Amino acid sequence: MGINKEKYREIVTELAGKATLVAVSKTKPAEDIQALYDLGHRDFGENYVQELTQKHEQLPKDIRWHFIGHLQSNKVKYIAPFVHLIHGVDSYNLLKEINKQALKNNRVIDCLLQVYIAKEETKFGLDENELDDLLQASPINQLTNIQITGLMGMASFSDNMDIVRSEFKYLKSLFDRYAQPQTYPEHSRRTNHKFQTLSMGMSADYKTALEEGSNMVRIGSLLFGERN
Ligand SMILES: *Cc1c(COP(=O)(O)O)cnc(C)c1O
């Protein structure tokens, strides 16, 4: 067991200047995270609130914790004091709750909106129309303690890289649309939108994601080994 240091170094070199590596440590022990931390790594991703808060308590305080799972509104309060970036936001109500808890903690919390790009039924996220509605919705401007910094998506679990690639391409096109102030003058006036992060790509498909313009990849099993 333990971490794959060689693979870590290989991926870091591959990503240099292109993308941020979020090391996905869900279900893995604190020692494995510490081992990667000792190599200089600081960005870690977790899917479960309780596991994340426990690891946050145990581990060095300069770790940047990414929440990448499906976040329930009633659990936002547990991670709001320290979370670095929430990847999977897919409703206005959740944004509202994150804003409320951020305010209580006197912080601004960065969020990515999750877009549904895969074929599978089980994946969370917004479709294009819902994304549009959410970003154009006027009350979003009143959420002064959140910042929408980009989009996140998960491609289909498929060996067919053509499918995966086309899904990433699609997400990139949505990202570009909202990152361009001239396309949406209305949206560029919003102070809490700052599109800069496109979180796409996991162990099986990160190379394709990079080719399609990802600048943040979430990699677990290649670094920490397969999960049970
Ligand atoms: C678990 C998970 C990952 C990492 O998956 P690997 O295949 O182990 O790299 C990335 N993103 C999300 C949202 C996840 O839940």
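This is a predicted model: local features need pLDDT of at least 70, side-chain atom pairs count only at pLDDT 80 or more; totals for chains, interfaces and linings use all residues.
Local features are reported at pLDDT of at least 70, and side-chain atom pairs at pLDDT 80 or more. Residues are numbered from 1 along each chain.

Helix α6, residues 128-136, packs with helix α7, residues 161-179, at an angle of about 20° and with the axes 12 Å apart, where axes are lines fitted to C-alpha atoms over the stretch in contact and angles run from 0 to 180 degrees between N-to-C directions. Because angles under 35 degrees count as roughly parallel, α6 and α7 are described as roughly parallel to each other. In the contact (heavy atoms within 4.5 Å), Glu128, Leu131, Asp132, Leu135 and Gln136 of α6 meet Tyr170, Leu174, Arg177 and Tyr178 of α7. By class, this contact has five nonpolar, one polar and three charged residues, with Tyr and Leu counted as nonpolar and Asp, Glu and Arg as charged.

Turning to the ligand, 13 residues surround it, and Lys26, Asn47, Ser203, Ser221 and Arg227 are the closest, a residue being near if one of its heavy atoms lies within 4 Å. An oxygen atom of the ligand is 2.7 Å from a side-chain N or O atom of Lys26, and a polar side-chain atom of Ser203 lies 2.6 Å from a ligand oxygen atom.

Terms used:
Side-chain values use heavy atoms; hydrogens and water are left out. Helices (H or I, at least four residues) and strands (E, at least two) are DSSP runs, numbered from the N terminus. Angles under 35 degrees count as roughly parallel, over 145 as roughly antiparallel, 65 to 115 as roughly perpendicular and the rest as oblique. A polar contact is a pair of N or O atoms within 3.5 Å; within protein, one must be able to donate a hydrogen and the other to accept it, and residues adjacent in sequence count only if both atoms are side-chain atoms.
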